[in-house]
Amino acid sequence: MVLFTKEVIDSSTAGPHLVITAGVHGDEFEPMQCVHALMDRLTGKLKSGKLTLVPCVNVEAFLLGDRTASDNLDLARICPGNPDGSITMQVGHALTKLIKSADYYIDLHTGGTRFSVYPLTGYPLNPNQQALEGSRKMAQAFNLPFIWGTDWRLQGRSMSIACENNIPAIYAEYEGAAVCSLEGVRDYIDGCLNVLGMLGMIDREQPPSCVKTVVEDPSEGSGHMQICHPAPFDGLLTPHYELGDRVNQGDILGIVRAIDGKQTARLIAGQRGTIIVLHTFSMVREGDATFVIA
Ligand SMILES: [Zn+2]
């Protein structure tokens, strides 16, 4: 059974195999538009190596308009999956196989329906120096303003598979909030073309660097976006800050008010830094991450 379609552009000249995936989460649209644009622009145009493009890995989730497929498993947490498991486990297995075939890997995301993420590229801080150096170079070339190196021990992700196999890899995040931003699509296309240029797979002059901040945080659990500033109960979230704002530890990030209006809680910044993820969907459930600070 074909779980997702891929477009293979082979130059028939020796060079690296770059894999680019979109739609690991079904409600993240800029990556899908970016991959379509790359299919249009690069077919027959590759100078060396091979490029595999996947416009949507998690097709069932996409058709549901949701982050996950009908089994509610997060594809970015269950890799390497299982060929005999439920739909997400099967897709995870196929995705793992594809990642293992790559010399370089880019996984494109956004905040999806409920979150907005400051444009960033990230990678696990792989103890293998060669793979880590490769990831760093890819992130610099991709050229989004924020670069985030995080705990390599996080399990189940596309990045975990790349890391275990010492494949230089990055993921990217770009806003979200249930829309498809044209700027996001454009910056993602440019980012992918920059990496293709850096790898010598196309002719491309690298643009001036837009990188403003590089944070490498090797502490355990860093990069795990779902656990930051959890909502204390179900309710409506009113944020006091926007994406990219700088905050200090102790600042009131926003409030959650229960739907009966009788209980209000303040969300207090647990650290100093830049807000890189914001829960934009007003309804929050108990335990949902509201703000991520890096
Ligand atoms: Zn995602």
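Hi everyone. A quick word on ground rules: this is a predicted model, where local features need pLDDT of at least 70 and side-chain atom pairs count only at pLDDT 80 or more, while totals for chains, interfaces and linings use all residues. Residues are numbered from 1 along each chain as its sequence is written, and side-chain values use heavy atoms, with hydrogens and water left out.

Let's start with the whole chain. The protein chain has six helices and 15 strands; these are DSSP runs numbered from the N terminus, helices being H or I of at least four residues and strands E of at least two. Its radius of gyration is 19 Å, close to the 19 Å that the globule rule gives for 294 residues, so the chain is as compact as a globular protein of that length. That radius is taken over C-alpha atoms, and the rule is 2.2 Å times the number of residues to the power 0.38. Along the principal axes, the C-alpha atoms fill a box of roughly 65 × 45 × 35 Å.

Now the helices. Helix α1 (residues 29-42) and α6 have axes that come within 9 Å and cross at roughly 50°. Axes here are lines fitted to C-alpha atoms, for helices over the stretch in contact, with angles from 0 to 180 degrees between N-to-C directions. That makes α1 oblique to α6; under 35 degrees counts as roughly parallel, over 145 as roughly antiparallel, 65 to 115 as roughly perpendicular, and the rest as oblique.

Which residues of α1 and α6 make the contact? Among them are Cys 34, Ala 37 and Leu 38 of α1 and Tyr 188, Ile 189 and Cys 192 of α6, contact meaning heavy atoms within 4.5 Å.

Helix α6 (residues 182-198) also meets helix α4 (residues 129-142), where the axes come within 8 Å and cross at roughly 130°. This pair is therefore oblique too. The contact includes Met 138 and Phe 142 of α4, with Tyr 188 and Cys 192 among the α6 residues.

Finally, the sheet. Four strands form an open sheet in the order β12-β11-β9-β14, with antiparallel pairing; strands pair if DSSP finds at least two bridges between them. Because β12 (264-268) and β14 (283-284) stand at the edges with a single partner strand each, one side of each is left without a neighbour in the sheet. Inside, four bridges join β9 (residues 235-239) to β11 (residues 252-257), and Leu 236 has Arg 257 in β11 as its bridge partner.
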